[in-house]
Amino acid sequence: MVDPAERGLGSPTSFVELQDGQLVVDGVPWRFASFNCPELLDGDVGGLFEVRDTMATIKGLGRPVTRSYTLRVNSTRISRGHIKGWNAGWNDWEWDGDRLHEMDVVLAEAAKAGVRLIIPFINQNFGGEDTNWVGNWLDLIRMRKGLSYDDSKKVDWWTDQEMIESFKLLIDKILNRVNSVNGRKYGDDPTILAWETGNEMNRNGYGAAPASWTLVVAKHIKSRSKQLVMDGSFARTDNVESCFPQEVLECRDVDILSYHYYGGGETKRLAQDCAIAKKYGKAFIAGEYGFYQRPEEYQQFLSVLDSSGGAGSLVWSLRPHSSQGGFKTHGEGNGQWSYHVPGWAQPLHSEFDTREADIVEAIRCASFKINSEMITPPPIPLAPEKLWIQSTTCLCWTGSAWASTYQLLVKNRTTGEERSRQVVDCTKEGCLGVNFSQDIDGWQRRDVAIRLRPLNNSGLAGPDSREITLN
């Protein structure tokens, strides 16, 4: 088995590079199967515990990589964006300093955990405020030019020179920022695998982002950073050739091509996309995929990406443990729910996908197979960070990454008697609560001490939590 130090793990000190159409670290091939983590930059929702839980989860894969969602822009749904507005006096964007500090924390925690990040700059305008999830480039037009929402639509984002130059200022702010936690300049931080030009950038819904725009943006990123550039273009068409403009394929500033795959029948398309990238000496990443009916379809997708020479894949999407106990959940409609690690076939809440245990395991195994490495046992979980009592006899806790069950250990401090049973936390945040009244039957509350011992799905136990007592 390859030693972790030899496969580019640990705190990143070397950059991921492009070499003959493949990603490498210090000359060693670096391929991955992992998850999108769209809440990473959503600081008011996540918090430090959830960032760390995310990183501990991703760290358990063969090559730890994740992709965040885009920078947030003040807009209909977003009151606290990274980007607050345009300041005409400064002739520059106004930024939320607290939001940027939250981003510093994410990058610093990723570096400590050895997780590489792909970060897209801005979101596509999907056509209406009902689909404007985190703010998008139309909001930048509105801010920069002082226009109404409707009038902003009359400006061509792709060719308007004022908007192109203003977008460069946005990129400059991010790439030149010095992390307030670890002192690293963003553009010099090897934790960043790649900067993505945007998320699902397309023209009129079906055409690729214009090559002229992509080339200008890619060149600007390259001139200010040491990391790779990933094309965030996403043409919704089955015509593979038209998805990747010739100028982009030939551009040396674009290192990685990507595409998003949803629903069945995508494996043939995937092999073609990988072949195009390989032909032009670029790496290929399936930036998003999912919504398949059967776990076997995920296995097939991952197998095709591997055999076709793809660099990596990122399923949509992962949610971490919540600081309120249980897990974050997210629905995409039609019975599609976010995944949780290690997955449960019989979760305690309906906002869990009952297929997720098989899907998560397929991704974990693929993360080793794609690098021709032995599949290791899942990580041993750390001790639960926090336990608390709610409603007198209800135990709550913050979960441990990769724990599938917990041993509830209830001790009588006077007699030394100890009782135990297995409990789980596979439920929605705020819904976790294990009633322990039967576990302390016949004891005085003042004699009771409770702790939890996490176990992974191989039965290996991590360290116990701190002990809490009852009043």
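**Exercise 1. Find how far apart in sequence the contacts of the chain reach.**
Step 1: count a contact when heavy atoms lie within 4.5 Å. Step 2: keep the contacts with a separation of 6 or more; residues 24 or more positions apart account for 69% of these.

Two notes on the basis. This is a predicted model, where local features need pLDDT of at least 70, side-chain atom pairs count only at pLDDT 80 or more, and totals for chains, interfaces and linings use all residues. Residues are numbered from 1 along each chain as its sequence is written, and side-chain values use heavy atoms, with hydrogens and water left out.

**Exercise 2. Describe the make-up and overall dimensions of the chain.**
Step 1: assign helices (H or I, at least four residues) and strands (E, at least two) as DSSP runs, numbered from the N terminus. The chain has 11 helices and 24 strands. Step 2: take the radius of gyration over C-alpha atoms and apply the globule rule, 2.2 Å times the number of residues to the power 0.38. The chain's value is 23 Å, close to the 23 Å from the rule for 471 residues, so the chain is as compact as a globular protein of that length. Step 3: along the principal axes, the C-alpha atoms fill a box of roughly 75 × 50 × 45 Å.

**Exercise 3. Is strand S6 enclosed or open, and what does S6 pair with?**
Step 1: call a residue buried under 20% relative accessible area, exposed over 50%, and partly exposed in between (1.4 Å probe, protein chains only). Across the chain, 59% of the 471 residues are buried. In S6 (residues 83–87), 4 of the 5 residues are buried, so S6 is largely enclosed by the rest of the structure. Step 2: strands pair if DSSP finds at least two bridges between them. S6 runs antiparallel to S7 (residues 92–95), with 4 bridges. Asn-87 faces Asp-92 of S7. Step 3: the two strands make a hairpin with 4 residues between them, and Asn-91 in the turn has a positive phi of about 55°.
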